[in-house]
Amino acid sequence: MGAMPASSALAAPQAMSNRGVVFAKLGAASYLIWSILHLKAAYSVYELAASAPVSMIQGRLLQDAGNLLAFSVAGGGTAIVLNWRNSSWGYWINVGVIGVADLGFIFFVLIPGHMAIWPGVVGPIFWLVGLILTTLGIAARNRAGKDHTELTA
């Protein structure tokens, strides 16, 4: 058997890279849905705070609404600007931002039963789907780069 034609040798890494881009875009879309859900959650907490008497409880609810808004904007913005392009920076930013937001929600709201599991689990599901898909995107991109390096070495 002869050497593999250069076009065939580069096709496998290109296919892997394309798969990575698809995973990244689907993961970014999942994070964007998560972000939209959390914009709604931030507004709901704000409404709850507005109906509470002026007190430390109202202040904490307003702080929580602001935190939800910040997590939502940061997660959605990162998804659009970085995760969509299969960026390692975007991957790690949303691992941190969305992970912190949802783990707190899971441990302090869902598990103690302060909210029904359904629909409470919808946000964490979109987080996990986004995390899995963006992980697959980064892994495919890294694998394609490694394959390309091995083929050209």
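Here is a short walk from the whole chain down to a few single residues.

Before clicking, note that this is a predicted model, where local features need pLDDT of at least 70, side-chain atom pairs count only at pLDDT 80 or more, and totals for chains, interfaces and linings use all residues. Residues are numbered from 1 along each chain as its sequence is written, and side-chain values use heavy atoms, with hydrogens and water left out.

**Whole chain.** Colour by secondary structure: you get 5 helices and 0 strands, in the order α-α-α-α-α. Helices here are DSSP runs of H or I with at least four residues, strands are E runs of at least two, and both are numbered from the N terminus. Of the 153 residues, 32% count as buried (buried is under 20% relative accessible area, exposed over 50%, partly exposed in between; 1.4 Å probe, protein chains only). Among contacts with a separation of 6 or more, 68% link residues 24 or more positions apart (contact means heavy atoms within 4.5 Å).

**Next, select 56–81.** This is helix H2, and alanine 79 is in it. Zoom in on alanine 79: its relative accessibility is 1%, so it counts as buried. What does alanine 79 contact, leaving aside neighbours within four places in sequence? Ala28, Tyr31, Leu32, Trp84 and Asn94. Now draw a C-alpha to C-alpha distance from alanine 79 to glycine 27: 8.0 Å in space, though they are 52 residues apart in sequence.

**Now select 88–110.** That's helix H3, with a kink of about 30° centred on glycine 99 (the bend at a residue is the angle between axes fitted to the seven residues ending there and the seven starting there). Glycine 99 is among the buried residues of H3, as are Asn94 and Leu110. Step back to serine 87, which caps the N-terminal end of H3: a side-chain oxygen sits 3.1 Å from the backbone nitrogen of tryptophan 89.

**Last stop: the rings.** The whole structure has 2 aromatic pairs. One of them is tyrosine 91 with tryptophan 92, edge-to-face at 5.0 Å centre to centre and 85° between the planes (rings of Phe, Tyr and Trp, using its six-membered ring, pair if their centres lie within 6.5 Å; planes under 30 degrees apart are stacked, over 60 edge-to-face, the rest tilted). Buried or exposed? Tyrosine 91 is buried at 12%, while tryptophan 92 is exposed at 59%.

Terms used
A polar contact is a pair of N or O atoms within 3.5 Å; within protein, one must be able to donate a hydrogen and the other to accept it, and residues adjacent in sequence count only if both atoms are side-chain atoms.
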